[in-house]
Amino acid sequence: MSDVVDDAIEGRSPDGPLVRWMAAEGGDRDLAPADLIEIGHGLRKFMLPFQFAINEIVTKIEILRDEFAYLNDYNPIEHISSRVKSPESLLAKANRRGIPVDPESLQNQLDDIAGVRVTCSFITDAYRLTELLCAQPDVMTLQTKDYIANPKPNGYRGLHTIVETPVNLSTGQIPVKVELQVRTIAMDFWASLEHKIYYKYDKAVPTHLLDELTVAADTANTLDERMQAIRNEIHGSRP
C-alpha cells in the first residue's frame with residue numbers, strides 16, 4: 001500500500017476522514033483505498049464551484065445591504081451565513097435518495113449542496129431582499145417555497161429560493177445552484193431551537209415538546225407581526 005493511501009486512511013491528509021467514512025459505508029467496502037482516495041479528490045474538486053457560487057451570492061447580498069444602508073439609513077440584514085455540504089453529508093444524502101454519485105446526477109438532483117442563509121429584521125425585509133437579489137440579470141430563480149405565508153406543519157417559517165448563478169472557471173463558465181434561506185430573527189431563533197431539540201433526541205422528540213414547539217412558532221410569528229406593525233407606524237411603508 002502506498003504512503004499516500006496510508007496517510008489518507010490514518011487521517012494524515014485532508015481526505016483522511018472522508019476516506020474512512022466511505023470505507024465504512026456498505027456500498028463502498030469493496031473499493032480499494034486508492035479508489036476511495038480518488039473518489040474523495042473528485043468530490044472535493046466537484047464541490048469547489050459551489051463555494052465560488054456562494055461567494056458570488058454573498059457578495060451580491062452584501063452590496064445590496066450596503067447600498068440599502070447608504071440610501072435609506074437602514075440596514076435590513078442582521079446576519080449572513082453560508083455553507084457547502086461536506087463530502088460525507090453529500091454522499092449520505094445521495095445514498096438515501098438513490099442518486100448516482102457522479103457530478104451530473106448530483107448537480108441535477110440536489111438543490112442544497114450550496115446554501116446561504118440571511119437573517120433579516122422584519123418580514124417585509126425578507127421579501128424585499130429576495131426580490132432584489134432575484135431581479136439581478138445573472139441570478140436565475142429556479143424555485144421558491146414561501147414558508148412564511150404557508151408555514152410547514154411543525155410551525156417552521158422562512159422564505160426558501162433556489163437560484164442559479166454563473167461561475168467563471170479557467171475551463172469556462174458553468175451555472176451553479178444555491179439555496180437561499182431568508183428568515184426574520186424570530187424565525188431563525190425558533191429554527192435553531194428546533195434543530196437543537198431534534199439533535200438531542202435523535203429525531204424522536206417527545207410529543208409534549210413538539211406541542212410546545214408549535215406554540216412557540218405561533219408566538220414567534222405574533223412577535224414578528226407586532227414588530228412589523230410598530231415599524232410601519234414609525235416609518236410608514238417606506239423601505
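## A buried charged pair

Lysine 85 and aspartate 112 are both buried. Let's start our tour with these two residues, in what is a predicted model. They form a salt bridge with each other, and their closest N and O atoms are 3.7 Å apart. Lysine 85 sits in the loop between S1 and H4, while aspartate 112 sits in the loop between helix H5 (103-109) and S2, so this pair ties together parts that are 27 residues apart in sequence.

Aspartate 112 has another partner, too: it forms a salt bridge with lysine 93, where the closest N and O atoms are 2.6 Å apart. Why does lysine 93 count as buried? Because its relative accessibility is 12%, and buried means under 20%. Aspartate 112 counts as buried because its relative accessibility is 12%. Put together, Lys85, Lys93 and Asp112 are linked in a network of salt bridges.

## Another salt bridge to find

The structure holds 7 salt bridges.

## The whole chain

Now let's step back. The protein chain has 8 helices and 5 strands, and reading along the sequence gives the pattern α-α-α-β-α-α-β-α-β-β-β-α-α. Of its 239 residues, 38% are buried. Look also at contacts between residues at least 6 apart in sequence: 64% of these join residues at least 24 apart. The chain exposes about 13,700 Å², and carbon and sulfur atoms supply 53% of that area.

## Strands side by side

Strand S4 (residues 159-169) runs antiparallel to strand S3 (residues 140-146), and 6 bridges join them. As an example, threonine 141 has valine 163 in S4 as its bridge partner.

S4 also runs antiparallel to strand S5 (residues 172-184), this time with 11 bridges. A hairpin of 2 residues connects S4 to S5, and leucine 169 has glycine 172 in S5 as its bridge partner.

## Nonpolar cores

Which residues touch the most other members of the largest nonpolar core? They are Ile61, Val116 and Val118, in a core of 38 residues. At least two residues each come from helix H3 (33-72), strand S1 (77-84), helix H4 (87-97), strand S2 (114-120), helix H6 (123-134), S4 and S5. H3 supplies the largest share, with 10 residues. Apart from this core lies another one of 8 residues, among them Trp190, Ala191, Ile197 and Val205.

Leaving out residues up to four places away in sequence, valine 116 touches several others, including Ile54, Ile57, Val58, Ile61, Ile80, Val178 and Leu180.

Isoleucine 234 lies in helix H8 (residues 207-235). Isoleucine 234 counts as exposed because its relative accessibility is 61%, and exposed means over 50%.

Technical notes. Residues numbered from 1 in each chain as written. Predicted model: local features only at pLDDT ≥ 70, side-chain atom pairs only at ≥ 80, totals over all residues. Heavy atoms only, no water. Helix = DSSP H or I, 4+ residues; strand = E, 2+ residues; numbered from the N terminus. Buried < 20%, exposed > 50% of the residue type's maximum accessible area, 1.4 Å probe, protein only. Pairing = 2+ DSSP bridges. Core = buried A, V, L, I, M, F, W, Y, C linked by side-chain atoms within 4.5 Å. Contact = heavy atoms within 4.5 Å. Areas by Shrake-Rupley, 256 points an atom, 1.4 Å probe, with all protein chains shown as cover. Salt bridge = Lys/Arg side-chain N within 4 Å of Asp/Glu carboxyl O.
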